[in-house]
Amino acid sequence: MRTALAERLLIKVMNWSIEEVTIERPLIQAMAKLKYDEYQQFSPGIRFTESLAQWLSQFNEDERKVAYNFIKSNLIFISNQQIVHLVSICFAEKINPLLLAKAAKQKNELPYRVRKIYNSKEYQEIKRRSLFLGISDGAKIDLLRRTSGISNEQVFSSYYISSEKKDDLLRELQKDEYPGKFNSVYLIDDFTGSGLSYARIEDGKQTGKVIKFLNLVFDLDPTTRDSLVLPELLNKENLDFHIIFYVARKASVEYLQEQIENWRITNHIQFNFTIDAIQFIGENFKEEMLTNSNLVSLSKSYIKKAIIDRHFIKGKHERYYLGFDECALPLILHHNTPNNALPLLWWYPEDETFRGLFPRITRHRE
Amino acid sequence: MSTRYRNPFKIRATEKLESEHNFLRMFSPHILGILIEKNKIGKLWDNILFIRSSPGGGKTSILKVFEPGSLLTLSNNQSTPDFKEAFNYLKSLEAIDGSGNILLSGVYMSCARNYEVIEDLEISEGQKKNLFFALINARVIISTLRSLIALNSNVDLEKIILNASSFDFSFLDISFPINGAKLFGWAANIEKSVFRAIDSFLPVTDLLQGHSELFSFSLMQPSNIWIDSKPITTNILFMFDDTHKLSKSQRQSFIEYLTIKRANHNIWIAERLEALDEERNFGSYQNRDYDEINLEEIWQSTSSKLKIIVANIAEKRALMSTEEVRSFQAYLENNIKEATYEEKLIRSYEQSLVNIEKLAGFNQKFSGWINYVREQKNQLTSLEFAVLNRQLEILIHRNIGKSQLSLEFELPIEELKQKLDSELGVTALYFLSIENKIPYYHGFDNLVKLSSYNIEQFLSFAGELFESMLSRKISDKLINLDAGDQEKILKKIADSKWKEQIRLIPYSEITIKFLQNLATFSQKETNKPNAPYSPGVNGFAIKVPNNGLYENESWQEDPTYTSLMNVLKTCLAYNLLEKRTTKQGKENQQWNVYYLNRWICLRFNLPLSYGGFRHKYPMELLKWIK
């Protein structure tokens with residue numbers, strides 16, 4: 001019943017003819033049912049159709065057409081099912097090839113002799129001496145563990161590990177007849193749009209989640225209470241460091257590579273590292289948004305400077321109406337919209353002068 | 001999961017719905033009347049019965065009704081209004097008795113699975129046939145056991161005993177009595193062996209011997225099957241679906257075996273018309289060794305029954321919608337809004353008057369007719385008057401066209417009144433509608449005609465009409481679709497169907513060319529001013545070339561006509577042409593007439609009625625492909 005009311009409102013807002021209703025209504029219902037209704041940050045009682053009707057009613061008649069066509073043609077919504085799929089293939093697609101490559105090198109074996117390498121003790125050791133850490137809860141590290149067949153004793157949901165946990169992990173490693181430390185560490189997270197949360201320059205210094213992690217591992221940050229945990233867990237002298245994202249912008253991965261390389265040079269520390277993603281988002285999506293002058297103009301009209309907060313200024317923000325670091329992504333994640341996405345999609349200020357189609361969680365906390 | 005849908009007309013292949021409730025809700029049981037007719041003449045049971053139609057004709061749905069799931073649902077819901085009718089039909093067919101006891105166990109097997117792949121094995125033809133028969137036997141046994149378990153929920157395989165005569169089945173490496181679990185295992189092993197041969201990349205060295213007989217039908221007979229130490233009381237009905245998916249040789253050997261064997265088993269075979277050979281489709285039909293139900297042919301001969309069935313389907317589907325549009329037919333206006341088209345109708349009869357004046361103004365022959373028609377003006381509506389004038393125009397053309405010596409006497413009005421029949425009225429209405437862009441393709445009767453006796457085709461049109469009704473409802477407008485709305489929607493669908501043929505059918509380029517030329521030819525023949533082939537031409541019959549080169553239909557084997565045969569086979573298989581038998585000419589000669597599917601008639605503004613066709617030689621038809 002509620003959906004019918006929302007559809008009625010939508011029809012009035014868009015001023016559709018009967019022919020247009022016949023075409024658009026099945027599409028909207030299909031989009032809602034397939035993915036958009038599962039967005040987790042809708043208010044209670046609101047689903048996609050209701051939100052769409054409210055969102056479009058904010059614009060004038062011509063603007064509504066631009067906004068609606070954008071949703072129909074350009075929006076990328078990554079559903080829970082899709083993320084779960086990416087998690088379930090992560091080991092096979094990204095992690096296992098690295099393990100096999102390392103084992104092949106160690107054994108001096110030809111890399112295509114996969115079964116031989118897989119059955120070797122070198123492979124088993126390399127796998128067991130790998131530590132898998134989640135950077136955020138988006139990493140779904142529990143699901144990764146279950147779909148990868150890796151031990152519970154080499155997985156943790158954060159890189160802030162207590163001393164007791166460290167001891168547990170090392171004890172279990174020893175029990176499995178691998179005395180000593182872990183040789184490889186995999187940092188896992190769900191999404192990066194700019195890379196800035198992981199590495200950036202602030203007040204002349206490098207900071208960010210990954211930089212902090214490296215500082216901890218190589219004992220460059222003695223101020224934290226557990227500063228000795230990671231160096232005792234990981235073999236710094238012979239460390240392989242891997243970061244894997246489920247979804248990432250290509251540019252952000254390249255940016256992170258550069259940042260970590262700079263960190264290595266600055267700190268004169270050598271280690272092997274790779275950064276990869278299972279699903280890349282190409283720069284073509286941003287380009288498409290920027291070449292849509294009507295859409296950019298719409299964003300400029302409705303998104304105010306008030307969007308700039310202490311997090312926003314960490315990235316480029318001259319064209320703040322393009323989202324964090326001016327990424328202009330047409331992207332929604334089912335659990336929350338990243339602030340790299342076009343603010344038209346998510347911005348919902350305190351004064352409620354605008355309401356995004358897929359409101360971002362920061363609004364609702366306040 | 002919700003059992004209601006926004007637009008239930010868009011659900012196709014309802015036989016694939018997991019829920020029997022939903023399937024039976026959408027199923028029109030009147031279609032089972034065809035089986036009742038067969039039963040009356042003793043041709044339904046203990047017989048091999050072919051159920052044939054083009055895609056979407058309803059074959060698989062008929063089979064699904066006899067599956068255990070459907071029978072149990074009906075048996076447990078005898079009084080439910082949604083299922084009462086279906087229950088009664090099955091009672092008449094002796095599939096269920098009055099108390100709801102199930103008397104029949106339908107065993108469904110699809111021939112779309114893996115059989116054709118056997119042909120790719122590098123083994124002899126004999127071995128391929130044996131493997132094919134072995135796979136059939138295995139699946140018949142497995143499916144029958146599954147069916148029995150589905151019907152008897154508290155029974156497992158261990159409780160089923162097969163007690164066949166060891167003498168009759170001495171060639172099998174199993175001994176009787178044998179329980180269901182062991183029999184299942186034995187059959188499953190046969191299936192696995194066949195798959196091993198299919199899946200192997202290397203030549204198979206320990207190839208399964210296979211079977212030279214389809215013994216499973218005789219083996220899995222009620223007399224041999226015991227459950228809980230009691231013989232079963234249900235009959236077994238073996239149903240094979242999609243046998244057109246077998247290879248040509250597989251299908252041939254399968255049917256030959258069954259028809260030659262002629263055992264009294266209940267075997268139904270559902271297949272598309274594309275499986276049929278040229279003789280069946282293009283030749284005169286000789287005596288068959290089996291019984292056949294051709295769904296489209298049946299609807300052609302009893303179109304009123306089809307109307308009842310599709311009306312029933314439409315109402316059932318409308319009731320299942322989540323929107324508040326609870327009927328379908330009620331919202332389809334059958335007539336044009338005459339007031340809306342008043343101007344056009346006036347223009348039409350004024351034009352007719354001018355034309356008549358030009359044709360007949362030079363002599364007195366038609367003055368009586370013309371005056372009579374003029375006198376009707378005040379008693380008739382604009383529409384009726386326009387039709388009458390158009391009829392007169394046609395009749396005058398016909399009269400003028402006859403090469404006869406005329407003494408130019410004024411023709412009597414009685415003659416005019418005699419000639420003003422309903423067929424001419426239909427033709428006149430068609431002409432004036434098309435000429436003046438007045439809606440012609442509207443109303444439920446025309447929608448039924450547009451289905452070309454195919455239920456899926458009916459749903460494809462009805463689905464869009466219903467969607468428009470839903471859109472009107474949610475937009476707070478009157479739900480009713482007037483004639484103009486209906487025609488607009490129907491034409492859009494026909495146009496879309498036409499455009500998609502290029503990627504749907506084999507030999508698409510030449511087939512489309514052929515149909516385009518046939519349609520253009522039909523338009524030309526139909527729109528002659530004297531309407532000689534009233535109500536219009538939309539088909540052809542093939543005349544055997546009389547050059548002495550060919551006897552009967554042997555021209556079909558001439559390589560010159562290969563492309564034409566490919567086009568015609570494609571058109572029949574994909575229901576672009578419909579075949580009908582008609583008697584015409586000397587000694588009531590029988591002709592196979594190939595009519596354009598009604599949706600193509602709609603696309604090319606041709607009439608929807610059957611009857612008008614022209615004879616064409618194969619060489620003339622061949623030119624339509626070039």
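Modeller: Let us begin with a definition: a salt bridge is a side-chain nitrogen of Lys or Arg within 4 Å of a carboxyl oxygen of Asp or Glu. Please keep in mind throughout that this is a predicted model.

Colleague: How far apart are the closest N and O atoms in the salt bridge of Glu525(B) with Lys528(B)?

Modeller: The general idea is that side chains of opposite charge can pair when their charged atoms come close. For Glu525(B) and Lys528(B), the closest N and O atoms are 3.3 Å apart. Glu525(B) has a relative accessibility of 5% and therefore counts as buried. Lys528(B), with a relative accessible area of 28%, is partly exposed.

Colleague: How many salt bridges does the structure hold over all chains?

Modeller: Over all chains there are 49 salt bridges. One of them joins Arg249(A) to Glu283(A), with 3.0 Å between the closest N and O atoms. Arg249(A) belongs to strand S7 (residues 240-249) of chain A, and Glu283(A) to the loop between strand S8 (272-281) and helix H13 (284-291) of that chain, so the pair ties together parts that are 34 residues apart in sequence. Arg249(A) is buried at a relative accessible area of 8%, whereas Glu283(A) is partly exposed at 26%.

Colleague: Which parts of chain B does the pair Glu271(B) and Arg251(B) tie together?

Modeller: These two residues form a salt bridge whose closest N and O atoms are 2.8 Å apart. Glu271(B) is in strand S8 (residues 266-272) of chain B and Arg251(B) is in helix H9 (residues 248-261) of chain B, so the bridge ties together parts that are 20 residues apart in sequence. Both Glu271(B) and Arg251(B) are buried.

Colleague: Which residues are linked with Arg6(B) in a network of salt bridges?

Modeller: The network links Arg6(B) with Lys10(B), Glu464(B) and Glu467(B).

Colleague: For chain A, is the crossing of H1(A) and H3(A) left-handed or right-handed?

Modeller: The crossing of H1(A) and H3(A) is left-handed. The axes of helix H1 (residues 2-14) of chain A and helix H3 (residues 48-56) of chain A come within 8 Å and cross at roughly 25°. That angle makes H1(A) roughly parallel to H3(A). Among the residues that meet are Ala6(A), Leu9(A), Leu10(A) and Val13(A) of H1(A), together with Leu52(A), Ala53(A) and Leu56(A) of H3(A). The residues of the contact divide into eight nonpolar, two polar and three charged.

Colleague: Which residues are buried in helix H7 of chain A?

Modeller: In H7 (residues 121-128) of chain A, the buried residues include Glu122(A), Tyr123(A) and Ile126(A). What covers the buried residues of H7(A) includes helix H5 (80-107), strand S2 (130-134) and helix H9 (163-175) of chain A.

Colleague: What does chain B come to in helices and strands?

Modeller: Chain B has 24 helices and 13 strands. Of its 626 residues, 55% are buried. The C-alpha atoms of chain B fill a box of roughly 95 × 65 × 45 Å along the principal axes.

Terms used. Residues numbered from 1 in each chain as written. Chains lettered and ligands numbered in written order. Predicted model: local features only at pLDDT ≥ 70, side-chain atom pairs only at ≥ 80, totals over all residues. Heavy atoms only, no water. Helix = DSSP H or I, 4+ residues; strand = E, 2+ residues; numbered from the N terminus. Buried < 20%, exposed > 50% of the residue type's maximum accessible area, 1.4 Å probe, protein only. Contact = heavy atoms within 4.5 Å. Axes fitted to C-alpha atoms, helices over the stretch in contact; angles between N-to-C directions. Parallel < 35°, antiparallel > 145°, perpendicular 65-115°, else oblique. Left-handed = near helix turned anticlockwise from the far one by under 90°. Nonpolar A, V, L, I, M, F, W, Y, C, P; charged D, E, K, R; others polar.
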